[in-house]
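Let's take a walk through this structure together. Have a look at it before reading on.

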Amino acid sequence: MTERIYLFPLWLRLWHWANALLILVLGVTGISLHFAGPDMYLVDFSLAVRIHNVAGLALAALYGFFVIANAVSGNWWQYVPKSPGVLQRCWTQTRFYLWGVFKGEHEPFPMTREANFNALQAIIYWLVMYLLLPITIVSGLIYLNPQWAPARMFGLDGLLPVALLHYLSAAVILMFAISHVYLGTMGARPTSTHKTMITGWHEAE
Ligand code: HEM
């Protein structure tokens, strides 16, 4: 018998898909800027600069909305891995992704209203949303306003560490996004969790 539970409220779904779209736009334009060369751009350089700046500012505003809405709604609690046995549950989940899923095993920690995320998801989502994304946004804002950067850092131009941090944190976010889309196919059916993020409803087995 399947039980339907309402997991993701509208504000969260709208935030999520707007965030995903902006990350996609920032990823494509960011790659065009980083690997720019005589015949090496996905998007024309000056157009990529303009789109990247506007999408970056929109992402910063959207991030502010996420932090406030997540705090006010209490959804932030989902991002806290609950003890005891966090490491053990992370390992069980990793083993499922690497091995169990290919042998037809069932998801070890199915989504419930109380715990949408397994322990591994909680830790990774926390790192992405509360560490990597703010680093990328703040370093991007400094990049946009270079006068905010210190003149020199570690004996180098002050903007260099900011640029490095921006590039590295953004690269990790893009890698997260790719693996996140893939891991999202590991629900009851390959499309189940994506449907849940569209409709808000999850069908528990
Ligand atoms: C097209 C790209 C994307 C797809 C298809 C996708 C898909 C999904 C799905 C199916 C869920 C719900 C199930 C789950 O929790 O795993 C989800 C949740 C989530 N996604 Fe994505 N995602 C995408 C991009 C992103 C990006 C770029 C980020 C952040 C940089 C992100 C961050 C999150 C977070 C934080 C949650 C949990 C939301 C909550 O319940 O509080 N997603 N995503």
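What follows goes from the overall layout to the core and then to the ligand.

This is a predicted model, where local features need pLDDT of at least 70, side-chain atom pairs count only at pLDDT 80 or more, and totals for chains, interfaces and linings use all residues. Residues are numbered from 1 along each chain as its sequence is written.

Start with the overall layout. The chain has six helices and four strands, taken as DSSP runs numbered from the N terminus (helices are H or I with at least four residues, strands are E with at least two). Going from the N terminus, the order is β-α-α-α-α-β-β-α-α-β.

Now look inside. Of the 205 residues in the chain, 16% are buried, meaning that 20 or more other C-beta atoms, placed from the backbone, lie within 10 Å of the residue's own. The largest nonpolar core consists of six residues: Ile23, Leu26, Ala55, Leu59, Leu133 and Ile137. Such a core is a set of buried Ala, Val, Leu, Ile, Met, Phe, Trp, Tyr and Cys residues joined through C-beta atoms within 7 Å. Helices α1, α2 (45-73) and α4 each supply at least two residues of this core.

Finally, find the ligand. Around it sit 22 residues, with Ala20, Ile23, Ala177, Gly184 and Met197 the closest; to count as near, a residue's C-beta atom, placed from the backbone, must lie within 6 Å. Helix α1 (10-34) gives the most to this shell, with five residues.

Note on methods
Buried ≥ 20, exposed ≤ 12 C-beta atoms within 10 Å, placed from the backbone.
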